[in-house]
Amino acid sequence: MPDFSDTPWINGNQLVVAHRLRMWYTVRTGLFSKPRYVKAVDDVSISIGNGETMAIVGESGSGKTTLGRVLIRLLKPTGGELFFDGKDIAHEDDHNLLWFRRRTAIVLQDPFSSLNPYHNVKFIVEEPLIINGIDPKERDELVRRALEEVKLTPVDDYLYKYPHQLSGGQRQRVSIARAIVTRPDFIVADEPVSMLDASVRVEILTILKSIQERDKIAFAYITHDISTAKYFSDKILVMYAGKMAEIGSYRDVVKEPHHPYTQALIEAIPDPDPKNRFSERKVVTGEPPNLANPPPGCRFHPRCPFAMDICRREEPPMIEVKKGIYVACWLYAKR
Ligand SMILES: Nc1ncnc2c1ncn2[C@@H]1O[C@H](COP(=O)(O)OP(=O)(O)OP(=O)(O)O)[C@@H](O)[C@H]1O
C-alpha cells in the first residue's frame, strides 16, 4: 500500500488519487542544446471520491489543462504516482488502459474544433460505444438517452445534423452527450463554458451538474473563473505556476481564502451590488512566471504583496491553516 502520510490532505482510498504528481515538458532550443524543463505540474497531490467534484482553478498557464490531461492519462506523468480505483495508472502503457478509458471521459473547452465536422451527431455520440464493442441495438438506445439528458430534444431533430448546423451551446451539449454515453465514473471538464456566450453558460453548467449528481460521477472542473466553480463545489484546488497554492472545501476556501493568490482571485470576481461600485479591490499586478525558469522560493513571491525574505529563498510547505484547508504560504508557518 503506498504511503500518503506526507500529503495528509488526500484520501488514498478515493477513486482518483494523485500523489506528488509531476508533468515536466522537455523543450530543446537547438539540436545539440541541453534539454530544459517546463514544470507545468510540479508536486501536485489531490484525491477525488466517487460522486465528488473538484474545481481546479488558476490563471492561464498555471498548469490546469496539463493536470487534467494527466489525470485522465492523455499525458503520462513524468513523476509521482497516479491511481484510479486503487490501480496504478501512472506507469501503464496506453494499450493496458482500455478499462480506464471506458470509465473516464473529457469535455473540452472548444466545441467548435472538438467535434469532427464530417460526422453527424449520431455518429459523434455513438463512436465511444462502437470503440467499446457495444451492440448496435443497445447503442441506439444509449445515444438517444444521452441526447435526452443534455436536452437535445426531440432527439430525432438532432441525430442527423452536422456540427456546423448547431449553435455553440448545442455543440457543447453534443460533447457532453459523447462524454456521458459510456456512463463514466470520472469526467474532466476543461473550461467547458469559457468559449460560450454568457447566456448559455449557466444552462450548460446546470446540465453538467445535474448529470454529475444523478450518476454520482467524480468530476474535475477546470476553470480560470472561480465564480463558475460554485456549480461544482465540493473541493477546490487553486494552482499557481504549476504548484498547489491552496486546497480544501470550496465553501471554506471561498468564504475565507488564505493564500494571497486565492484572495486576489476572489477579489477579482465582479460584485453585482451597485453599493460597492466605488470600493477598492486588490488586484495582483505582474505576470505569471516562465515555467521553464520559475523564480526560486515561492513561485508567487514576485507578485505577492506580503512577500518576506524566506519566500524568496525557500519553497513553502503545505500548511494546514484550518481543518482540511492546506495552503502553500510562509505567512502561516509557525516559526
Ligand atoms: N506540449 C507542451 N510543451 C511545452 N510546454 C507546454 C506544453 N503544453 C503546455 N506547456 C506549458 O505548460 C504550462 C502550463 O500550461 P497549461 O495549458 O497546462 O496551463 P493552463 O493553466 O491550463 O492555461 P490555459 O488556461 O491558458 O490553457 C504553460 O507554461 C505552457 O506554456
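This is a predicted model: local features need pLDDT of at least 70, side-chain atom pairs count only at pLDDT 80 or more; totals for chains, interfaces and linings use all residues.
User: How are two packed helices described?

Analyst: You give the angle between their axes and the distance between those axes. Here, take α3 (residues 121-131) and α4 (residues 136-149): their axes come within 10 Å and cross at roughly 120°. An angle of 65 to 115 would count as roughly perpendicular and one over 145 as roughly antiparallel, so α3 and α4 are oblique to each other. Their crossing is right-handed.

User: Which residues of α3 and α4 meet?

Analyst: From α3 you have Lys122, Val125, Glu126 and Leu129, and they meet Arg139, Leu142, Val143, Ala146 and Leu147 of α4. By class, that contact has six nonpolar and three charged residues, with no polar ones.

User: Now the sheet. What is the order of the strands?

Analyst: Read across the open sheet and you get β6-β7-β8-β3-β9-β10-β12-β11, eight strands with mixed pairing. At the edges sit β6 (104-107) and β11 (318-322), each pairing on one side only. From one strand to the next, the twist averages 20°. As for helices, α1 packs on the sheet and touches β3, β7, β8 and β9. Helix α5 (residues 168-180) packs on the sheet too, touching β6 and β7.

How values were computed: Residues are numbered from 1 along each chain as its sequence is written. Axes are lines fitted to C-alpha atoms, for helices over the stretch in contact, and angles run from 0 to 180 degrees between N-to-C directions. Helices (H or I, at least four residues) and strands (E, at least two) are DSSP runs, numbered from the N terminus. Angles under 35 degrees count as roughly parallel, over 145 as roughly antiparallel, 65 to 115 as roughly perpendicular and the rest as oblique. A crossing is left-handed if the near helix is turned anticlockwise from the far one by less than a right angle, and right-handed if clockwise. Two residues are in contact if their C-beta atoms, placed from the backbone, lie within 7 Å. Ala, Val, Leu, Ile, Met, Phe, Trp, Tyr, Cys and Pro count as nonpolar, Asp, Glu, Lys and Arg as charged, and the others, Gly among them, as polar. Two strands pair if DSSP finds at least two bridges between them.
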